[in-house]
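Welcome! Have a look at the structure below, and then let us walk through it together.

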Amino acid sequence: MRPQTDTIIDSKPDTRGKVVVEMQHVHKSFGDRDVLTDFNLQLFERENLVILGKSGSGKSVAIKIMVGLLKPDSGSINVLGYDVPNLSNKELNELRLQIGFSFQLSALYDSMSVRENLEFPLKRNLGIYDRQQLNEKVMSALQDVGLESARDMNPAELSGGMKKRIGIARTLILNPKIMLYDEPTAGLDPVTSGEINELILRVRDKYNTSSIIITHDISCARQTSDRIVGLFDGRNKVGGTFDELKKQNAPDLQPFFNY
Ligand SMILES: Nc1ncnc2c1ncn2[C@@H]1O[C@H](COP(=O)(O)OP(=O)(O)OP(=O)(O)O)[C@@H](O)[C@H]1O
């Protein structure tokens, strides 16, 4: 079923794979604050979908509902075939193992080296303790993000861009089917932001992942997106490719494009 948005332009419907995430008519309030009023989203296999919206528009709330960290007041959420609001804790854990969450602040453990940070999810989530297997997986993840040389460094020695890359490597190491990037370029200079954006594209191409990228950075949206959904007033009001949205000149998007 197509999402109910104000303006959806469907540029290449026939080339899309199967739907991996579907959120329909999702409502969420905190007290008397309505954050999501009728939020709809479809994410297709091997698609980079950007959710664009200003600060406080509910992007993170939408993602937390998607992975079962928050319960919606109403609406349906299906992720990789799981009916998210009705999952047991065991099923939720099963689902979350297939989703990689790249946090805004990288969330690396300062007391651990880069190598130890990357080994941590392998040990905790997959029960891998074999030294050779750990070494191979760590090196492969570091190669993916172009930072083999940082293996024995501590997070404090890394630049902001390097931290983001290691954060992405730590997420990729579990081979997720879906990647969630929360403000991947926040706090980075334009050159480093461009490198992170390229990495996001490489991850899609190499691993065939589907990704949701939450951002208010229009350059990030332009570079990384196959499709963009604009979240305004609690709803996904506009959708389409970057060029389609630019042409459309929707009032809600003007502050982003005119930035
Ligand atoms: N657990 C919570 N309890 C109460 N209010 C919340 C909670 N989580 C989010 N909110 C509110 O929901 C609104 C949307 O927050 P959200 O974090 O989703 O915004 P965002 O679009 O991700 O913004 P940003 O780009 O600044 O991260 C905000 O007004 C926030 O205060």
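This is a predicted model: local features need pLDDT of at least 70, side-chain atom pairs count only at pLDDT 80 or more; totals for chains, interfaces and linings use all residues.

## Before we start

## Helix α3 and its two partners

Let us begin with helix α3, residues 114–126, and helix α4, residues 131–144. Their axes come within 10 Å and cross at roughly 115°. The crossing of α3 past α4 is right-handed. On the α3 side, the contact is formed by Arg-115, Leu-118, Glu-119 and Leu-122, while α4 brings Leu-134, Lys-137, Val-138 and Ala-141. Sorted by class, this contact holds five nonpolar and three charged residues, with no polar ones.

Helix α3 also meets α5. Here the axes come within 8 Å, and the crossing angle is roughly 30°. That angle makes α3 roughly parallel to α5. This crossing, too, is right-handed. From α3 come Val-114, Asn-117, Leu-118 and Pro-121, and they meet Ile-166, Ala-169 and Arg-170 of α5. The residues of this contact divide into five nonpolar, one polar and one charged.

## Helices α5 and α6

How are α5 and α6 oriented to each other? Helix α5 covers residues 160–172 and helix α6 covers residues 190–207; the two pack at an angle of about 15°, with their axes 10 Å apart. Angles under 35 degrees count as roughly parallel, and α5 and α6 are therefore roughly parallel to each other. Their crossing is right-handed.

You can trace this contact residue by residue: Gly-161, Lys-164, Arg-165, Ile-168 and Leu-172 in α5 meet Thr-192, Glu-195, Ile-196, Leu-199 and Val-203 in α6. By class, the residues of this contact are five nonpolar, two polar and three charged.

## Strands around β5

Now for some strands. Strand β2 (residues 19–30) pairs with strand β5 (residues 74–79) in the antiparallel sense, over five bridges.

Val-79 stands opposite Tyr-82 in β6. The hairpin of β5 and β6 has two residues between the strands, and Leu-80 takes a positive phi near 50° there.

## Around the ligand

Which residues surround the ligand? They are Phe-30, Val-35, Gly-53, Ser-55, Gly-56, Ser-57, Gly-58, Lys-59, Ser-60, Val-61 and His-216. In terms of class, this shell has three nonpolar, seven polar and one charged residues.

Which helix gives the most to the shell? Helix α1, residues 59–66, does so, with three residues. Strand β2, already seen pairing with β5, spans residues 19–30, and Phe-30 is among the residues around the ligand.

Technical notes:
Residues are numbered from 1 along each chain as its sequence is written. A residue is near a molecule or strand if its C-beta atom, placed from the backbone, lies within 6 Å of it. Helices (H or I, at least four residues) and strands (E, at least two) are DSSP runs, numbered from the N terminus. Ala, Val, Leu, Ile, Met, Phe, Trp, Tyr, Cys and Pro count as nonpolar, Asp, Glu, Lys and Arg as charged, and the others, Gly among them, as polar. Two strands pair if DSSP finds at least two bridges between them. Axes are lines fitted to C-alpha atoms, for helices over the stretch in contact, and angles run from 0 to 180 degrees between N-to-C directions. Angles under 35 degrees count as roughly parallel, over 145 as roughly antiparallel, 65 to 115 as roughly perpendicular and the rest as oblique. A crossing is left-handed if the near helix is turned anticlockwise from the far one by less than a right angle, and right-handed if clockwise. Two residues are in contact if their C-beta atoms, placed from the backbone, lie within 7 Å.
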